[in-house]
Amino acid sequence: MNAILDRLAEVAADPDRYVVEWKRTHPDRKVAGVLPMNFPEELLHAAGFLPVVIQENNEPDTEGRVILAEFYCGYTRNLADQAAKGRLKIYDAFFLADHCVQLLGAADVMRFKQPHTPIFFGQFIASMSEPSTPARVRGELDHIVAEVERSTGVPLDHGRLAESIRLYNRDRALLRAVFDARREGRVHLSSKAMQNLVKSSMVMDKAEHIALLEQLLSDGIESHDPHARVRLHLSGHFCHAPKQALLELFEDCGAEIVDDDLYHGRRYITTDVREDLEPVAALSQWYFDRNVNVPCPTRVQHNADWDTYLTKAVSESGADGVVILMAKFCEPHMLLYPELRKALEAREIPYLLVETEHAGLPMETLRTRVEALVERISRRAAVAAS
Amino acid sequence: MALRTMGVDLGSTTAKAVVVDEAGGIVAHRVVQMGAVSRRGVAAAIDAVLDDAGLERGDLGQVIATGYGRRLVPDVDRTFTEITCHARGVAAMCPGAALVIDIGGQDSKAIRVDEVGLVDDFAMNDRCASGTGRFFEVLARALECRLDDLDDLALAGGQDLEVSSMCATFAETEIISLLAEGEEPTDIAASVHRAVSARTLGLVSRVGRAAPVVMTGGVARSRAAVHFLAESLRAPVIVPAEPQISGAYGAALLGLESLQGETRVIGQAVDREHVHTGQQPNGRDCSTCSLGRAKYQPIDVELWTASIAADRRP
């Protein structure tokens, strides 16, 4: 096993431990807990924070289980549980820029449970195609910059921001190199390992992460031979990472994951911030660019939609089918699902919808459904070939 | 030794085994009920079917396992999901079938199939036992009757009561509440069957309606369940003579195909037990169900209550 992949897996498995250790070795620095999915972490990095996208943990929800209603998604209920247990005290401030009602509910719990930890909220407009949208996004970004400056007490250094943008772009580019190589069949990393690459990037100091990725690519990736019967694209699952046991199940059922649009996957790394623009303007532009590169159902944009992206991605990767991973009660995803379904059916792309929860996934039932998809695809191919 | 293959379906409550010959004809079959995902049950089914066929395990060209417990079946050449196997089995048993509704002990599935038994689409219940054999067991317990008595009870019901909860646990509470309100057990049984059928219709809608419809699984042995499903679908529902073995039969055929290197519709079209229209032109009777007709009589509720009081299960 590759030692670098091991290290990245270790961080992905226990982000809290990494944060605590980082704070120990950087006693004069602060850690910012970032809620997904659109907050420009580069701003926090430039302001001297270690930005960490707060991850769902693997503990059962207990103390915070009843704080949010059962129709909140697993991620937000787990955030509430983490807050109730004091797990989020490792963060010095919280930042978010998304107005998902459930996420705001979790933020309220965090505010209530940690009244002395500041929470900074910026709200990016979701309607991307209005004539006034660019100005409103820029205005909100200026507001976020002011919030970041308020949290540090010093003006943001735009030279440092440009440097942070270059650093983040470098990390994204290295990650994309691995994702592209997987899509093109040049490396065969398990989907669990691919998730670890991205999840660790959301947690680690970027320079440290980049150094590890550069070493990994320089050494070469020792990848397994998949012996897979079918190639699948994983789609969906915003905000938090799908359980790794679920990812392993796909491969155990005879599938190889060749591409994805998961937040803990290609969605997070798809778009660089332009380095030829003034840095804040570039971050503003980034907000628009990433919704074109991998459209999000939480945004409304006339010239970009996720279903078109998905079918194009499947065509490019040559995936035989799609597994749609939907966090239960994720309303934007639920609302767009009929469109995804229609698009896939129109192109006769086999697909399977898997709803996920924080705990209690019926793994054997899921195994039957995934195996049935694999069999459906492979038997159909065998008959077509005969 | 002529080529023989065996399919073994280890379901949540029953184990089924089928041996087929080289033309896909059924040589022997067994259904054994012996506890949840029972290893003893599957061993008993295999031993019995081999005995019936006059074969030893080593005489078989392939052994294919399927069902919820497929990974627990020892010494198999490979496994297939019950979705693939039911589709394949039904394509042979009932040529031309387009939609398979399989309701077993713990799960239910709607499978749209093409003409050679390939799965076009499928949907299955998640973790809820609603509409499965388990659900009917809960209903029987709440009504204090034997499972076998449920058919007559439900088919004698007339009034459509509101049974809103489809959770097996909550439904039991609701049934008890209806009994306490003085509602007739016949009407309650019928209403629960209607509610279950509506739930099954939800599964069907996920894969798209298609006809002919074939129902398999242990619940397909229930005349009432088939009747109310047909009524709900507003379409005839075909039930094979042995609705529980279609998965094991499909598995055996897939084993045969893997040895013969081809996929085509071989196998044995079976006698159809009945084609239930779900229509009751004479008020109680099914126009085409010769097997059930004699039993589709109104029940004397007082007599029935007295009889179950004398024969109450522990």
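I began with a salt bridge in chain A: the side chains of A:Asp276 and A:Arg274 meet at 2.9 Å, N to O. By salt bridge I mean a side-chain nitrogen of Lys or Arg within 4 Å of a carboxyl oxygen of Asp or Glu. A:Asp276 is exposed, at 56% relative accessible area. A:Arg274 is partly exposed, at 38%. My cut-offs are under 20% relative accessible area for buried, over 50% for exposed, and partly exposed in between (1.4 Å probe, protein chains only).

I then noted a network: salt bridges with shared partners join A:Asp180, A:Arg183, A:Asp259, A:Arg266, A:Lys312 and A:Glu316.

**Ground rules**

The model is predicted, and local features need pLDDT of at least 70, side-chain atom pairs count only at pLDDT 80 or more, while totals for chains, interfaces and linings use all residues. Residues are numbered from 1 along each chain as its sequence is written, chains are lettered from A and ligands numbered from 1 in the order written, and side-chain values use heavy atoms, with hydrogens and water left out.

A:Asp180 bridges to A:Arg183, with the closest N and O atoms 3.4 Å apart. Both residues lie in helix H7 (residues 158-183) of chain A, three residues apart, about one turn of the helix. An α-helix has 3.6 residues a turn, so residues three or four places apart point the same way. A:Asp180 is partly exposed at 22% relative accessibility.

Next I took A:Glu184 and A:Arg186. Their salt bridge has its closest N and O atoms 2.6 Å apart. A:Arg186 is exposed, at 54%. Over all chains, the structure holds 50 salt bridges.

**Chain A as a whole**

I listed 15 helices and eight strands in chain A. These are DSSP runs numbered from the N terminus: helices are H or I with at least four residues, strands are E with at least two. The radius of gyration of chain A is 20 Å, close to the 21 Å that the globule rule gives for 386 residues, so the chain is as compact as a globular protein of that length. That radius is taken over C-alpha atoms, and the rule is 2.2 Å times the number of residues to the power 0.38. The C-alpha trace spans about 70 × 45 × 45 Å along its principal axes.

Buried residues make up 59% of the 386 in chain A. I also checked contacts, meaning heavy atoms within 4.5 Å. Among those in chain A between residues at least 6 apart in sequence, 74% join residues at least 24 apart.

**A:Arg267**

What is the accessibility class of A:Arg267, buried or exposed? A:Arg267 counts as buried, at 4% relative accessibility. This arginine sits in helix H11 (residues 266-269) of chain A. Its C-alpha is 8.1 Å from that of A:Arg290, 23 residues away in sequence.

Most residues other than glycine have a negative phi, and most peptide bonds are trans. I looked for departures.

A:Met37 lies in the loop between strand E1 (30-34) and helix H3 (41-46) of chain A. In chain B, the peptide bond from B:Ala211 to B:Pro212 is cis, with omega near 0 degrees. B:Pro212 is in the loop between helix H6 (185-207) and strand E9 (213-216).

A:His237 is not a glycine, yet its phi is positive, about 45 degrees. A:His237 is in the loop between strand E5 (230-236) and helix H10 (244-252) of chain A. The residue is buried, at 1%.

B:Asp75 also has a positive phi, about 55 degrees. At 65% relative accessibility, B:Asp75 is exposed.

B:Asp75 is in the loop between E4 and E5. B:Asp77 is in the loop between strand E4 (62-66) and strand E5 (78-79). B:Asp77 is partly exposed, at 47%. Beyond its neighbours within four places, B:Asp77 contacts B:Gly61, B:Gln62 and B:Val63.

Last, I checked helix H3 (residues 133-142) of chain B. Seven of its 10 residues are buried, so the helix is largely enclosed by the rest of the structure. Among them are B:Phe135, B:Phe136 and B:Leu139. B:Glu144 follows the helix, with a positive phi near 55 degrees.
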